[in-house]
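Below is a short report on one protein chain.

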Amino acid sequence: MCNRCRRPPPPCPICCPPSCCEPRICYCIFDLESAVFDTRNIYRRAVIDIAASYNREVPELVLLPIGVMATGEMAELIVRKCKIPVTWEQFLLQVNERASELISNPPLMDGVERLVRHLHKCCITLALISSSCEKLYCQKIRGREAFFEHFETLICADDPQLKRPKPEPDVYLIAMSRLGEADTSNTLVFDGSIKGVQAAADARLKVIMVPERGLPYCWSELAALRLESLEEFKPEWFGMAPLSKEAPRPKPKPRPVAKSPGQPVDKQESKEQQESRDEQQSKEQQQEGDAAGTEEKKPKVLEIAEDDAADKEETGSKRASRNWDKIRSSVRKSLRPSRKVEKDNASTKE
């Protein structure tokens with residue numbers, strides 16, 4: 001069914017391409033912190049940095065269950081195991097401040113920009129969920145507003161309808177209700193956190209997990225698919241149009257502006273326009289020079305052709321004269337014996 005006009009197949013020729021009307025996934029939900037921004041190791045780095053400020057080292061066995069624990073439980077566990085000389089409330093506050101510093105301008109996940117643009121082009125309705133408040137969300141996407149316009153629905157942590165955070169499925173249930181006709185059969189989730197996969201599974205949704213490197217596979221058993229990067233994802237696996245290998249669009253060349261001799265030159269003219277105009281002038285001069293050279297070469301060629309024709313005529317006339325001389329001599333030779341015979345006959349008669 002077409003996502004825009006809600007018409008069943010055959011494809012709708014009015015509002016979408018034929019691939020849009022094929023039976024497939026119609027809605028996708030992305031988690032901002034673990035599927036759009038590459039922030040998978042930021043919270044771990046924040047914990048390690050704050051513990052190091054107290055000359056403490058967090059063991060790997062303590063860091064491993066951080067993803068499935070609540071933030072308060074995590075802070076209390078680390079303070080107790082590492083014997084950090086502060087309360088777990090103060091430690092958690094310092095960790096959040098350090099994480100906000102690291103996450104202020106995070107990079108995009110590899111392959112997410114191309115995937116989001118492709119899904120939006122194929123009429124897939126997109127939703128975005130975030131564990132940050134709306135104010136912090138606006139700070140994170142600063143400078144990338146055009147890209148995040150592809151998402152039609154946004155749910156932040158301070159949303160009035162959201163009562164329970166992950167791993168409860170509330171955030172995904174609210175997202176599906178705001179997407180319109182989304183249900184568990186036509187909705188796909190992209191999440192890289194263990195809590196997010198648990199929440200999506202409890203909501204009966206298919207999840208594509210992009211976890212941290214080294215995460216044991218037992219933590220991703222609930223995911224429909226586990227990938228190291230979104231560049232490995234192929235939409236045709238879930239009945240969507242495949243990613244097209246589109247060549248980058250060439251940059252348009254600036255057109256030179258013809259100006260009269262008395263007109264002043266624009267001071268704000270760009271360097272590209274000047275270079276393009278100089279190139280065009282040099283090409284025109286070169287073409288004029290080539291045309292003049294061909295005109296100069298033409299008379300010489302004609303003279304040479306005329307000389308060759310005259311030589312041919314002279315040689316032909318000489319050959320013809322020689323042939324006539326041969327014919328005359330042969331005729332004369334043939335007439336000589338007949339004259340002798342006539343003289344002999346005349347002498348016998350006498």
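## Burial and overall figures

Of the 350 residues of the protein chain, 34% count as buried, where buried means under 20% relative accessible area, exposed over 50%, and partly exposed in between, with a 1.4 Å probe and protein chains only. This is a predicted model, in which local features need pLDDT of at least 70 and side-chain atom pairs count only at pLDDT 80 or more, while totals for chains, interfaces and linings use all residues. Residues are numbered from 1 along each chain as its sequence is written, and side-chain values use heavy atoms, with hydrogens and water left out.

The accessible surface of the protein chain is about 23,200 Å², and 52% of that belongs to carbon and sulfur atoms; areas come from the Shrake-Rupley method with a 1.4 Å probe, and for residues only the protein chains shown count as cover. The chain has 11 helices and 6 strands, taken as DSSP runs numbered from the N terminus (helices H or I, at least four residues; strands E, at least two). Among contacts (heavy atoms within 4.5 Å) with a separation of 6 or more, 62% are between residues 24 or more positions apart.

## Helix H9

Helix H9 spans residues 170-179 and is mostly covered, with 7 of its 10 residues buried. These are Asp170, Val171, Tyr172, Ile174, Ala175, Met176 and Leu179. An α-helix has 3.6 residues a turn, so residues three or four places apart point the same way.

Just after H9, Gly180 has a positive phi of about 105°.

Ala199 is part of helix H10 and counts as buried because its relative accessibility is 0%. Leaving out residues up to four places away in sequence, Ala199 touches Lys166, Pro167, Glu168, Pro169 and Tyr172.

Asp191 belongs to strand E4 and is buried, because its relative accessibility is 0%. Asp191 and Ser34 are separated by 157 residues in sequence and by 5.8 Å in space, C-alpha to C-alpha. Beyond residues up to four places away in sequence, Asp191 touches residues including Asp31, Ser34, Ala35, Lys166, Tyr172 and Gly196. Val197, Val207, Ile208, Met209 and Val210 are also among the residues that Asp191 touches.

## Salt bridges

A salt bridge is a side-chain nitrogen of Lys or Arg within 4 Å of a carboxyl oxygen of Asp or Glu, and by this rule the count comes to 8. One of them joins the side chains of Asp31 and Lys166, at 2.7 Å from N to O. This pair links distant parts of the chain, with Asp31 in strand E1 and Lys166 in the loop between E3 and H9, 135 residues apart. Asp31 counts as buried because its relative accessibility is 5%, whereas Lys166, at 21%, counts as partly exposed.

The side chains of Glu33 and Lys140 meet in another salt bridge, with 2.8 Å from N to O. Here too distant parts of the chain are linked: Glu33 is in helix H1 (residues 32-36) and Lys140 in helix H7 (residues 134-140), 107 residues apart. Glu33 and Lys140 are both buried. Asp49 forms a salt bridge with Arg98, and their closest N and O atoms are 3.2 Å apart. Because Asp49 lies in helix H2 (residues 42-53) and Arg98 in helix H5 (residues 88-102), the pair ties together parts 49 residues apart in sequence. Asp49 is partly exposed, with a relative accessible area of 31%, and Arg98 is partly exposed at 27%. Salt bridges that share partners join Asp31, Lys166 and Asp191 into one network.

## Negative surface patch

Asp110, Glu228, Glu231 and Glu232 gather in a patch of negative charge on the surface. Patches are made of residues with over 30% relative accessible area and no salt bridge; like charges are joined within 9 Å, and nonpolar side chains (Val, Leu, Ile, Met, Phe, Trp, Tyr) within 5 Å. Lys and Arg count as positive and Asp and Glu as negative, while His and the chain ends are not counted. The place of a charge is NZ of Lys, CZ of Arg, CG of Asp or CD of Glu.

Glu232 is in the loop between strand E6 (225-226) and helix H11 (271-349). Glu232 counts as partly exposed because its relative accessibility is 39%.
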